[in-house]
There are 4 protein chains.
Amino acid sequence: MAQRRVGLWMIGACGGVSATTALGLAALTRGLTPTTGLVTALPRLAALDLDEPAAFVVGGHDVRQATLLSAVRELHRRSNVFDERTISACAPDLEAWSANVRPGVSFRPNAALAALADRPDVRAVPSPKAAVELVQRDLRAFQQAHKLDQLVVVNAASTEPPFEPGPECDAADRLAAALEKSTTALPTSTLYAYAAIDAGFPYVNLTPSRGASLPAIEGLARARGVPLAGQDLKTGETLLKSVLAPMFARRNLRVHSWVGHNILGNRDGQVLNDPENKASKVRSKDALLAELLGYRPQSLVSIEYVESLDDWKTAWDHVHFEGFLGTKMTLQFTWQGCDSLLAAPLVLDVARLSLLAQRRGESGTMGHLACFFKSPVGVTEHDFGKQFEMLELYAGG
Amino acid sequence: MAQRRVGLWMIGACGGVSATTALGLAALTRGLTPTTGLVTALPRLAALDLDEPAAFVVGGHDVRQATLLSAVRELHRRSNVFDERTISACAPDLEAWSANVRPGVSFRPNAALAALADRPDVRAVPSPKAAVELVQRDLRAFQQAHKLDQLVVVNAASTEPPFEPGPECDAADRLAAALEKSTTALPTSTLYAYAAIDAGFPYVNLTPSRGASLPAIEGLARARGVPLAGQDLKTGETLLKSVLAPMFARRNLRVHSWVGHNILGNRDGQVLNDPENKASKVRSKDALLAELLGYRPQSLVSIEYVESLDDWKTAWDHVHFEGFLGTKMTLQFTWQGCDSLLAAPLVLDVARLSLLAQRRGESGTMGHLACFFKSPVGVTEHDFGKQFEMLELYAGG
Amino acid sequence: MAQRRVGLWMIGACGGVSATTALGLAALTRGLTPTTGLVTALPRLAALDLDEPAAFVVGGHDVRQATLLSAVRELHRRSNVFDERTISACAPDLEAWSANVRPGVSFRPNAALAALADRPDVRAVPSPKAAVELVQRDLRAFQQAHKLDQLVVVNAASTEPPFEPGPECDAADRLAAALEKSTTALPTSTLYAYAAIDAGFPYVNLTPSRGASLPAIEGLARARGVPLAGQDLKTGETLLKSVLAPMFARRNLRVHSWVGHNILGNRDGQVLNDPENKASKVRSKDALLAELLGYRPQSLVSIEYVESLDDWKTAWDHVHFEGFLGTKMTLQFTWQGCDSLLAAPLVLDVARLSLLAQRRGESGTMGHLACFFKSPVGVTEHDFGKQFEMLELYAGG
Amino acid sequence: MAQRRVGLWMIGACGGVSATTALGLAALTRGLTPTTGLVTALPRLAALDLDEPAAFVVGGHDVRQATLLSAVRELHRRSNVFDERTISACAPDLEAWSANVRPGVSFRPNAALAALADRPDVRAVPSPKAAVELVQRDLRAFQQAHKLDQLVVVNAASTEPPFEPGPECDAADRLAAALEKSTTALPTSTLYAYAAIDAGFPYVNLTPSRGASLPAIEGLARARGVPLAGQDLKTGETLLKSVLAPMFARRNLRVHSWVGHNILGNRDGQVLNDPENKASKVRSKDALLAELLGYRPQSLVSIEYVESLDDWKTAWDHVHFEGFLGTKMTLQFTWQGCDSLLAAPLVLDVARLSLLAQRRGESGTMGHLACFFKSPVGVTEHDFGKQFEMLELYAGG
């Protein structure tokens with residue numbers, strides 16, 4: 001039997017997360033790195049019939065002038081990650097895959113995002129519909145060129161500003177109609193999601209952008225029989241919140257205030273330095289406390305761009321809580337994690353799980369992927385332990 | 001129908017944890033404080049038919065010259081906890097209950113523990129058996145004097161040094177025989193446990209002392225139809241380990257080293273300053289990592305006595321872990337908690353749950369109390385979330 | 001010889017800092033507390049002929065309905081500072097001094113400050129000049145009533161928004177002329193400073209408000225022969241910066257970024273929650289790094305109101321620096337200090353030193369007080385060690 | 001005029017600090033790295049006529065099988081420092097200098113140190129005198145081979161256990177006599193110091209080993225007209241103590257306890273894991289607090305070997321202090337520094353300053369180098385600011 005071939009298409013293909021994902025795929029395939037960080041490599045998920053790293057071909061869209069290899073080298077140089085030997089060994093794969101990266105589609109980006117777009121062949125389009133068609137053409141061309149059995153699309157692009165969905169976002173048919181009009185105001189992330197799902201490809205939103213978390217998109221996924229997941233990978237501070245807040249709740253310790261201060265220096269940080277774009281992120285990081293605690297403590301989340309940190313996101317959290325007989329106590333933590341390295345294995349995880357879900361004939365939101373996301377679509381459970389049990393249950397069933 | 005009356009007998013009755021427990025009971029009964037910190041007050045455990053605070057009468061043993069009120073005042077003055085108004089209002093209860101405190105029984109304590117014993121009427125005994133009988137006489141006298149429907153005994157005394165159980169600890173009948181001999185080397189905590197259980201009273205070991213975690217004691221509990229629980233309340237750093245280590249495991253992040261440095265300045269800290277006694281504590285705090293992670297990272301736990309901190313235990317933990325592509329990252333946390341205030345509500349929780357278990361006719365180790373302990377007897381699960389689900393299941397069934 | 005009597009007049013007399021200062025004076029006089037925290041009690045400053053605590057009489061202005069005692073009790077209850085015994089013993093002094101507190105003068109406060117003013121007899125005035133005269137009348141009445149040998153005025157009121165001084169702030173005579181006009185826009189802190197200095201009383205600005213740091217005010221102080229100091233007491237995070245930044249500079253370690261995140265929950269915090277008022281504070285905390293390092297690293301200072309912390313200001317600072325061969329390293333610190341308790345002894349220090357300076361015939365800005373302030377008027381040295389040497393030199397000379 | 005040539009002879013030549021120093025010299029000479037971290041590159045020391053990096057030739061002793069290049073590569077691989085390009089460019093220098101490294105001399109090392117000695121040609125000697133002569137022969141041979149104008153010897157070897165100096169350490173002549181006897185118990189560090197100074201070479205002890213801080217050695221240095229400095233480079237936690245403790249003292253804040261917990265994973269850490277050797281280090285880190293504060297707070301310093309940290313020493317310090325009116329507050333800091341990179345530029349600094357001192361005709365202990373050391377020989381001042389002023393004074397005079 002021929003080896004299966006599957007495609008991983010990344011929107012924002014030359015960003016830190018995407019480039020690290022590609023390097024990881026190449027390094028795993030070549031046996032140069034262990035599976036540390038890969039949830040789907042855990043023994044307790046071994047029953048799942050997932051695609052091997054060697055099966056993957058990488059492609060994507062980007063608005064920036066960069067290649068997977070240049071992005072990897074930049075991370076190596078600035079953030080002091082990866083080793084020279086791994087990069088050199090995997091460089092041919094990265095170069096080959098970079099040839100699959102197509103210019104992004106641009107439909108009314110906000111200023112912070114537009115500033116990033118330095119690729120000269122970025123394609124401005126007259127209507128949302130035109131953008132969707134361009135994207136679908138790229139996806140199908142990639143599938144055919146590489147004879148892919150399956151293809152999964154993930155959004156790893158920069159965070160968009162929050163947007164208020166209009167009535168056209170309530171149902172798939174209304175959205176289809178709205179796409180035709182050049183006056184329709186829709187975030188780019190909605191267009192990519194629509195394109196992928198409408199063409200029958202599983203879609204995962206790795207970012208806080210809200211453009212794929214719409215009834216219209218979810219309805220389309222069910223209608224097309226396509227699995228869907230998101231939103232916003234849970235990699236650091238929020239992951240900790242989702243295990244610590246349940247602890248306080250179970251011990252009946254009352255959290256008065258939870259302050260989180262995040263600093264980071266990568267491109268994500270630059271975009272978040274724009275107050276508009278930051279708002280999406282803060283919302284996504286902050287919402288789960290009330291759900292987990294059963295009441296709303298005072299909470300503050302701030303994110304600041306600190307250039308010297310590059311990809312090393314550092315978070316300081318200060319939790320002020322009350323115990324027995326009115327006694328106030330404190331928990332503080334500092335998390336020093338490298339964003340791209342925390343996210344990349346999860347990208348592979350959700351890609352593998354989405355491809356499997358499609359083979360199993362599942363469609364719509366994949367609730368069993370809740371443990372990967374800050375704001376899991378279709379799931380209200382935020383307790384990481386309980387979310388993980390959902391995945392184990394799925395793997396065991 | 002007459003109001004039920006139940007007894008809470010605390011070994012180490014005038015220590016910080018016991019005195020806070022007594023103050024808490026009085027304050028709850030008088031409506032002076034909310035139930036914050038009390039697990040058994042959570043809505044999700046509401047189905048359990050537990051004794052109200054007002055039903056409790058307090059008594060105990062101690063080897064030190066102190067009263068519940070003097071211990072409360074010392075905590076207030078040195079550790080800056082409680083408020084004057086609550087203390088004043090509850091002083092009559094504390095004084096009345098102090099009259100129930102009997103001199104401790106002393107059978108070959110080690111130096112650090114002996115140094116604490118300044119109560120002149122501490123009773124040295126010629127044999128283990130004599131100690132057991134003295135304790136049982138005190139317990140029964142307390143029960144009769146206060147017409148108690150039930151009585152639960154908890155060990156809140158200072159930590160003993162580790163001890164290696166001999167063959168007499170393997171079975172209840174062998175232990176019974178060994179108690180007769182004056183040459184038998186047994187920790188005091190074994191004697192108290194034997195006395196309580198043999199007399200039919202539920203017993204909970206709140207400390208790291210290993211004297212009640214013996215096949216002989218567990219066998220006796222089953223034989224007498226008495227519920228049993230322990231060991232070592234999980235209040236701070238270890239509680240955090242039991243939620244954070246599963247997080248690392250589920251994300252397949254490899255923990256290379258976990259260093260915990262604890263500083264505290266209360267009597268518990270003074271006793272732990274003795275290397276012998278400290279060994280028990282460190283063992284209890286350190287064991288769970290390997291179970292939770294599935295491998296043994298380098299781990300270091302240190303505990304130091306820092307007088308100025310009084311009851312405010314401060315722990316700094318440094319977790320060094322590896323993510324994808326060999327990238328090392330760090331999580332640090334600082335926990336600043338007041339030991340007595342964290343432990344006291346849990347004492348009430350396990351007391352109430354033990355009394356209920358006895359009414360339900362349960363005997364032997366209470367696995368559903370695992371979430372309260374660092375080294376839960378009879379349970380290998382150390383994941384706090386899963387342990388808590390065992391309690392919820394018990395409450396729901 | 002009769003005991004000297006000196007007055008300490010505090011603008012914002014019933015705020016946390018002022019009330020703590022008053023309690024401290026009373027407690028020191030009664031021998032109830034050691035001199036810990038009082039710089040002027042250091043042996044190396046013993047040669048200075050300073051006024052004893054017993055010599056002080058307290059008075060002040062406030063716009064809020066409160067007394068020194070109620071403010072002390074509120075701090076005790078909410079922030080868990082002071083002990084009951086000290087408060088009770090000093091209550092008569094606090095009550096007596098509260099009788100000296102006069103209603104504040106209000107001339108066009110901004111919204112955040114106006115919201116605090118709940119004292120019904122606050123006196124709105126038609127012109128700056130009228131405000132100055134009211135204040136001077138209060139000061140002189142206080143002096144006469146208590147037969148004071150000297151009187152020092154300190155500004156301990158809430159932080160004002162930044163203001164851009166106009167040409168009338170350039171010289172004392174221009175300012176005098178401008179005061180006559182009702183259209184003149186001047187911060188209240190300028191009016192109080194003018195009033196005190198013009199009447200011959202030493203003046204110290206404890207706050208970040210810029211109203212007393214003007215050429216006109218400094219000229220007036222020289223003209224009237226009155227000593228002047230400020231601005232913004234250096235009590236916590238900035239104090240640390242002023243000892244740590246010189247360390248980095250002397251080791252030629254290059255600071256890339258210095259991030260400071262401050263959280264606090266007292267009235268000061270409430271006022272700072274207003275972006276306008278916060279700007280003054282942030283500016284004052286941030287300016288010294290460039291001076292101390294010789295270059296401008298990326299620096300971020302944030303201040304957030306977190307109600308549950310009350311007077312306990314907590315600061316997390318993250319310093320990212322480069323060492324030899326391009327190696328990036330990190331220093332983080334967390335400061336947990338009680339604002340009022342850190343500031344109050346310094347208020348006594350600067351009051352005593354100002355009174356002495358006046359007796360010595362000194363006038364204008366007191367450069368030897370630089371070590372007490374974040375933005376010392378008239379001094380460019382920000383290195384705490386060097387600033388302190390200036391004070392030692394003064395004391396030794 | 002011909003370019004000057006000076007030798008830098010490092011005992012422990014292939015350890016992390018020495019290898020980094022050599023790499024740094026090569027990189028500075030080639031213009032590949034800025035002078036960050038080098039105190040002697042500060043503008044305020046520009047008046048000193050110091051040797052340029054290009055003037056240095058490196059040699060040394062070591063008991064381990066390694067080269068400068070292999071040590072550099074190991075640091076790069078394990079601790080993620082240096083970049084590939086710098087290493088490659090400097091490799092020829094490192095290889096050339098490694099040819100100058102001679103086998104160490106071994107005279108009764110303790111177990112932890114002996115375990116490190118894997119170089120087969122390590123020379124066991126029959127008497128201290130024989131060791132001294134061997135070392136001197138090596139030094140002179142190096143000087144002649146490279147036509148060196150001057151030569152400085154630094155001790156960068158692993159920490160020795162504490163030792164109690166006998167009467168032979170009181171004077172140079174007594175020590176000379178004692179060296180003859182094979183029964184004399186002297187640490188190896190004394191022998192190296194004696195050899196260097198007796199032969200007329202300046203000597204700097206970079207380690208906590210006490211073997212060069214003896215009246216006999218200091219007397220010899222004066223007699224031979226040779227400058228001497230030490231002991232124990234002040235690179236991280238202790239550097240912070242020496243700026244923070246003066247701050248507490250100057251604000252009259254009473255430090256109750258100062259706890260420092262250090263973790264590290266390099267060879268130094270391995271040797272310190274031996275309790276005997278650790279004792280020297282802890283003593284050196286702990287002594288200065290009492291001198292700086294004027295009283296002795298409770299202080300604890302612990303050092304633990306944590307393999308995964310490699311050269312990244314992490315220190316957590318917890319300072320518990322009392323302010324006004326008995327209020328307890330807390331400062332915590334975490335220092336994450338790479339040991340070899342912090343120390344190496346200081347090695348160059350003290351080497352350059354020692355060579356200059358010799359040219360200036362100075363001999364005996366160099367008090368102006370106090371700012372570089374935890375336990376500066378011949379100086380009681382521990383305040384880093386004041387120590388630095390001593391260096392500035394020297395540079396200015």
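Through which surface do the copies, chain D and chain A, meet? In this model, 100% of the interface residues of chain D are also interface residues in chain A, so the copies meet through the same surface. The structure is a predicted model, in which local features need pLDDT of at least 70, side-chain atom pairs count only at pLDDT 80 or more, and totals for chains, interfaces and linings use all residues. Residues are numbered from 1 along each chain as its sequence is written, and side-chain values use heavy atoms, with hydrogens and water left out.

Chain D is superposed on chain A by a rotation of 180 degrees with 0.0 Å of shift along its axis, at an RMSD of 0.0 Å (least squares on the C-alpha atoms of residues with pLDDT of at least 70 in both). The two copies are thus related as by a two-fold rotation axis.

Turning to the fold, chain A has 14 helices and 13 strands (DSSP runs of H or I with at least four residues, and of E with at least two). Its radius of gyration, taken over C-alpha atoms, is 20 Å, close to the 21 Å that the globule rule (2.2 Å times the number of residues to the power 0.38) gives for 397 residues, so chain A is as compact as a globular protein of that length. The C-alpha trace of chain A spans about 70 × 50 × 45 Å along its principal axes.

Of the contacts in chain A with a separation of 6 or more, 77% come from residues 24 or more positions apart (contact means heavy atoms within 4.5 Å).

Technical notes
Chains are lettered from A and ligands numbered from 1 in the order in which they are written.
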